[in-house]
Amino acid sequence: MSSQSTLAIETSGLVKSFGETRAVDGVDLAIPQGVVYGVLGPNGAGKTTTIRMLATLLTPDGGTAKVLGHDVVREAEAVRSRVSLTGQFASIDEDLTATENLTLLARLLGFSRSQAAERSEELLAAFDLTKAAGRQSKTFSGGMRRRLDIAASLVVTPDLLFLDEPTTGLDPRSRGQVWDSVRAMVALGTTILLTTQYLDEADQLADRIAVIDHGRVIAEGTTGELKASVGTGALHVRLVNAESRPEASQLLTRALAAPVFQESDPFALSVRTDDSERVAKALTELAHSEIAVADFAFGRPSLDEVFLALTGRPAQEDTDTQEDAA
Amino acid sequence: MTLTSETAAIPGAHTDALRKALTSQIRPSRPNPLTAVRVSAWRTMRKMKHYGVAVLFDVTLMPIIFLLTFTYLFGGAFAGSTKEYLQYFLPGVLVQTVVMPTVYTGTALNMDITKGIYDRFRTLPFWQPATIVGSLLGDVVRYVLALTTTMSVGLALGFRPDGGVGGVLAAMLLLLVFALSVSWIFAALGVVAKAPETVSGTSMLVMFPLVFTSNIFVEPDTMPGWMEAIVEINPVSDAATAVRGLVHGNASGADIGSVLLACAIITAIFAPLTMYLYRAKSRG
């Protein structure tokens, strides 16, 4: 184990191109050990490419990257012995059972036959797969497959685990299970770098977040810092009738002395403000003027709003997926 | 067992088990190449076991159909009688039996690469070609099953090897060596192809001429000169001639030697090529 002062990940000007496309275009990261670090961005932003370079699966075209103090190009072997990657698509042999998959990897890592059997059992228990141990993994649900894939990354306990979109395509319950595992792993000392296109996932799990878009880091910080950088707070109001929106809009503009945004939802309005006293008064006025309010919320902006403010477009907008598929 | 409040609070996570799994500090040293090959061969055989009877069906169906149709449709015309033709044809079918499933090596390798487990393998510290060599060796089980089945059907139909048990076993051994060599061709194809379907599709372009422009079905003396020349240089013809000689007890050293030479040439070209392509791929 190296000292905690060594950064888990340190990159400078990392670049990777595929043909004409610069998938990763100068990424700088400094990630301490012992945290969950989120890399947030839409499809095609360069998340997967970045993570594959850090896991030594791709060679960078430019810049440098150190993982746990080792250069990913010159000391690839040293990096590989300490990190593990769970990719976007399950890296398991679907024809084999869960036990066979884990045994295969353990044996290829140098475990003896009995050590491999013991380790497989341990990991299956840890990921709630004991009952399915003897089934071919192609019969597994998406959530089980993902859990087996994560278990497969932990045969030798890594100091740093990369999780590339660990919950994409999972149902809410499986998603929750993966989140629980991530929290437990980091509580037990593993550093985790996860990529996600889900803002709530980053919000839920990550200590710090880098927002990337078009292969560049466009913002970095704790979720709190990111939210604060966009604006302090916002009032969201949802009306009972869409027709009353113009009237409500006028009233709120006057009461809060701030511009009112008409959201794409015809019933919804939002105002950026942090003056809670004024907000209370404005809501009272709405009630008095008999504009029926379905619900309202006052708080700091969501990461969705952060992303919108940073990139000028919503996070979920589908851009090209070419790089992330590579 | 005591839990920290931090992890005890996590609902649904199998925290005790996860703690145990994550605190494991086993860091074994890398396996030696032989172990890695053995483990990879074990994997191939486990996969076959899961497919069960389907494997046998896959590899023996075609040869048996060929055996029946050629013997009973054309046998009389080709050789005067079906019984006579069977003595000539069965050794050829044995060659076909092992050559056709060599494509599986390529598709299996391609599946690994395109479906993602390859990424996992690449980050492990073992001797990388072990997965390819191991899967080739694991496939030997497939060839043995296929050969035994085809041979049994042949015997039931009236095939009588003059070379006896020894001759048959020697022929099978030679065919295993031949199959291992030919599977390198498809291993190379498996590394470069974009999808497993491409491997099986493209392989027909190789397989069809390889099997048909040979002396598996008929003696080449009736063919036009140019075709005869092609048949002569086809290594599948050499294999069929040698196997015929071995099962009937009249193989010459030159027959066997030319098969082994062909095996050596094919392996010398395609094994290093496959390894080179595989390593080039992993450099990304």
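Analyst: Let's start with A:H214, which is partly exposed, since 18 other C-beta atoms lie within 10 Å of its own. That count falls between the two cut-offs, because a residue is buried at 20 or more such neighbours and exposed at 12 or fewer. Please keep in mind that this is a predicted model.

Where is A:H214 placed? It sits in the loop between β9 and β10 of chain A.

Now look at the strands on either side. Strand β9 covers residues 208-213 of chain A and strand β10 covers residues 216-221; they run antiparallel and five bridges join them. If you want one pair to find on screen, go to A:I212, whose bridge partner in β10(A) is A:V217. As you follow the strands, remember a general point: side chains alternate between the two faces of the sheet in a regular strand.

A:E165 lies in the loop between β7 (160-164) and α6 of chain A. Is A:E165 buried or exposed? It counts as buried, because it has 23 C-beta neighbours inside 10 Å. So A:E165 is buried, whereas A:H214 is partly exposed.

At the β5 end, two bridges join β5(A) to strand β4 (residues 62-67). There A:V67 stands opposite A:H70.

Let's step back to chain A as a whole. It has 326 residues, of which 47% count as buried, and it contains twelve helices and 14 strands. Its C-alpha trace spans about 75 × 45 × 40 Å along the principal axes. The domain assignment gives domain 1 (9-228) and domain 2 (232-299). The centres of these domains, taken over C-alpha atoms, are 42 Å apart. Among contacts between residues at least 6 apart in sequence, 69% join residues at least 24 apart.

How far does the predictor's confidence reach in this chain? The mean pLDDT of chain A is 87, and 93% of its residues reach 70 or more. Among the elements of the chain, helix α3 (residues 98-108) has the highest mean, 96, while helix α12 (residues 322-325) has the lowest, 41. Over residues 317-326 pLDDT stays under 50, and for that stretch the model has 22 contacts beyond four places in sequence.

Chain A also touches chain B, with 46 residues from chain A and 38 from chain B taking part in the contact. On the chain A side, α3, α4 (113-126) and α6 (172-187) each give two or more residues. Of these, α6(A) gives the most, with eight residues. The chain A side divides into 23 nonpolar, 13 polar and ten charged residues.

Chain B has another make-up, with 13 helices and zero strands. It has 284 residues, and 43% of them count as buried. Its C-alpha atoms fill a box of roughly 90 × 40 × 30 Å along the principal axes. A helix to look at here is α6(B) (residues 102-115), with 14 residues and a reach of 20 Å from first C-alpha to last, close to the 20 Å expected. This helix is mostly covered, with eleven of its 14 residues buried; among them are B:Y104, B:L109 and B:I113. The cover includes α5 (82-99), α7 (117-122), α8 (130-157), α9 (164-192) and α10 (196-212) of chain B. Just after α6(B) comes another positive phi, about 105°, at B:G116.

Definitions and conventions:
Residues are numbered from 1 along each chain as its sequence is written. Chains are lettered from A and ligands numbered from 1 in the order in which they are written. This is a predicted model: local features need pLDDT of at least 70, side-chain atom pairs count only at pLDDT 80 or more; totals for chains, interfaces and linings use all residues. Two strands pair if DSSP finds at least two bridges between them. Helices (H or I, at least four residues) and strands (E, at least two) are DSSP runs, numbered from the N terminus. pLDDT is the predictor's confidence in each residue, from 0 to 100. Two residues are in contact if their C-beta atoms, placed from the backbone, lie within 7 Å. The expected span of a helix is 1.5 Å times one less than its number of residues. Domain bounds come from an automatic or database domain assignment. Ala, Val, Leu, Ile, Met, Phe, Trp, Tyr, Cys and Pro count as nonpolar, Asp, Glu, Lys and Arg as charged, and the others, Gly among them, as polar.
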